[in-house]
Structure formats: structure tokens, C-alpha cells
Amino acid sequence: MSPSSTRNVSGNALQIGKEWTIIDCGEGTQHQILKAKCISPAKINRIFITHLHGDHCFGLPGLLCMINNAVTDTEEDKILHLIGPRGLRNMTRAALLSSGTATMFRFRIDELWNNNDNSIILKQKNSGHKHLTSNKLRHYSQVFEIPQHPSELPGLNIEPNGKDGASATWVLPPHPGGGNVSTDWTLYAGPLVHTIASVGYVFQEHFHRGKIDTSSTLKERILSTENRSYQKKENGIKNPLQLLGELQQGRSIQIQECSKIVEIKPEDYMTPPTPGRKIAVLGDTCDSRAIASLVANANLLVHESTNYANIEEGEEPETVLQMAVLRGHSTPAMSGTFAKCCAVKLLLLTHFSSRYKGDESKESLAVMDQIVKEAQDHLGHEHVIAARDFMEVPIPIKQHHKGGGIEAGACITPVTSLDATEKASAAADSFLHRAGLS
């Protein structure tokens, strides 16, 4: 993907609380951050790279310098956490060391390792020519290792979770510390099929604790004259209602009733916990089946949609499909189908070919509407958005059905991780077969 006058290359910014995570960092990312204005470079705590093609990572050295310029003397304890495929460590070190770049902050680079290459070799039928291949040469990071940067902490080589090969997934380590870092989310990564090792990242928010059922008799019991006297005498508590805070935090309390000490447990008066939000951001891919179990029931899926068959211009869908797959990319139909297999509530399409302009002209908007329509037809509902530079997509804790708006999708029937994987595998096989590949 090349930048155009109307659209920059890959770069996503995810805000959780007051901190920012950057997912992919193509050239020009720091310029985009300046134009966006809402992103504070000093509050970027994580940078995740999906793969090492230039349109996804060539902006990384510049962004690191931008963050360094934004860090103040009081933030020298800041640690920037970088995660990406094998090779990210050498690439970052080469750029910083070769340019003599020093940083006030420390950083750690963790790499996603897999003993078996997570790409799939696809062969075109009849010719036997390999179009989409994994690199069978030894990875250069196995041949040499660039020395560690002075500000760099030793990184982790993260092994797959439970199994190797094309279906391996990773549980990402927590942030190494320093700065205002959220601990309310668990992060995962899964492999994608592309021309080099590519991954997707899944951000899973922890369950939200239930709330106190104020319609119950709880307050009456806590505020009884007997318990008021007990709490003041034994615990020094003048206002027993503060005990509600203990229950809200998941801790049991003791009150006095009928001259007996009674324990009240949180589950006795709290509503059930609600699932946290799930956000999936995928890199370049022509086959996302291996990450389907992690993506299942996501509130938001960011999926590439590089190529689209413009029938009005005489383009054949099967020809465009084959071209996309041979280059390791997806069509809107492939993106919508994968989202359907995973029961995704909102699909955000990205990574469009530079053929499709991102301006406000009537022709450009018409093409983007057609791309969205194709994805909607395969997804089965209308909650699809074509991303534009500087677009903001809020994902509220409670999603409501608002006729295709950003908060839509609450009516989607959930799927199990196993069902999502089986459906995504069957769909991927179908698209590969149609593309003449096996």
C-alpha cells in the first residue's frame, strides 16, 4: 500500500483511559499525530507492529524521536513497550544506533516467535508457480543480532500459547511498568497469512463488576439502629453506607442483626458481571482463520480490504479476488465474511489500494460506498464503516442498536471460539479455491 494525496499509509491509535497504543506506524505517522491533535505523544505507552512491510513500520524511528521530544524530566521513568514479529528488534536498533539517536525514556522490544513459519504456501493450480510464499531462508535475526541500544531493556521472545504452526496464538506480556498504564485489559496476538509473517492484535477488556441492587433491602439493613451502633462502636464507622463501597469492590462486610454478626457477600446484592469490550486490529492478510477464536464476538474488528472489483469499470470479481490473494490481501467480501464468522458487532475496513481516493469528491465517495456495500452483503448486517484518515470510532461499554451508527451491533448472536474458527476456515478455503489456489 502506498500513500496518496488523500490517504496516508497504515497507522491506528487506540485510546484506553488516558493512555495511547499505536498499532502500525507507516511513514508520516508523526505528521498525522500532529494533525490529529487529540493524541499526546507523551502518553503513548505501547507500539504494536503487525508486520515489517514498510507501509506499516517505516514511520517508527520518527515516532520514537517524537515521543522522546515530548517526554519531560519528570517522566524519565517512562518505559515504552514495543511488540511485533521477529525482526522488529533488529530493525529498531539499526535505525536508532545508525543515526546516533538517544532517548530519555527506556524501551523494551518483545518479539512474537514461532518455530514454524505462520505463513501458508499457496500454489496456483496448473502452473505450480508459488505466488504467496513464506520465506524458507533463515530469518536474518537468526543469522545476526544488532547490539542493544543504551536505553533498551532486554526484550522477551514470546513463544506461542500451547501450540506451534499456522494456528499458534500468543498471550502478550503486561506492560513492563512506568507511566499511567491500564491493567484492565488482556492482550493477545494471532497469526495471519501474508507474504511475510503478519499478526493481528486483540484487546480484551476484563469483566465489569456488577452494581449494587439499590432496590433491595440492603440499605435498610445497613442503616438499622442496631447496626449503626455496632459499626460506630466496633469499627469507628459513623456512616454505615460506606460499607456499600466495600461490596462494590467485591469484598464481604459484616453487620449486626438481632444481636448476631451477619456476613453479607457481594454476590448476594450485586447484579451479574458484564463482559468487557473486545477490539481486534488485524494486519495484512488473505486468510485470518487462525485468529478467529480470539476475534469471536468482538465489539470492533479492524480488517484490511485492499482490493475491490469495480464492475462498472469492467473488473471481474474473480480476477480481483485472485490478484488480492496472490499478494496476501483481502477484498471487502473476504473481510465481511470473516467478520460474520466471528459475529463481529462493528467492522472497520482499512488498507485500501491507492486507486481508491479518500477525498470528498462524488466519485470517491461512491466507490467507498460500494466497498462498504460489498462487505455488508457478506457480513449480513449494515454495521460496516470505511475508515478515513483522522476518523474516530468510540466503542462504549454498552453498545446499543442505533440503525447502523457507531454504537450498533448489540443484536448480533454470539458464537463460540470453536464455531468461529470452523466457519472462518471453511470460508477461507472457499475464497482460496475460487482464486485458483490450494
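So, strands β1 (residues 11–16) and β2 (residues 19–25) pair in the antiparallel sense over six bridges. A strand here is a DSSP run of E with at least two residues, a helix a run of H or I with at least four, numbered from the N terminus, and two strands pair if DSSP finds at least two bridges between them. The two form a hairpin with two residues between them, and G17 in the turn has a positive phi of about 65 degrees. Across the pair, L14 stands opposite T21 in β2.

A quick word on the source: this is a predicted model, where local features need pLDDT of at least 70 and side-chain atom pairs count only at pLDDT 80 or more, while totals for chains, interfaces and linings use all residues. Residues are numbered from 1 along each chain as its sequence is written, and side-chain values use heavy atoms, with hydrogens and water left out.

Now, the open sheet. Seven strands with mixed pairing run in the order β10-β11-β12-β15-β16-β17-β18. β10 (170–171) and β18 (384–386) stand at the edges with a single partner strand each, so one side of each is left without a neighbour in the sheet. β10 pairs with β11 (residues 185–192) in the antiparallel sense over two bridges, and V171 stands opposite Y188 in β11.

Last, what does I291 touch? Counting contacts as heavy atoms within 4.5 Å, and leaving out residues up to four places away in sequence, I291 touches G190, P191, L192, G200, Y201, V202, L282 and F338.
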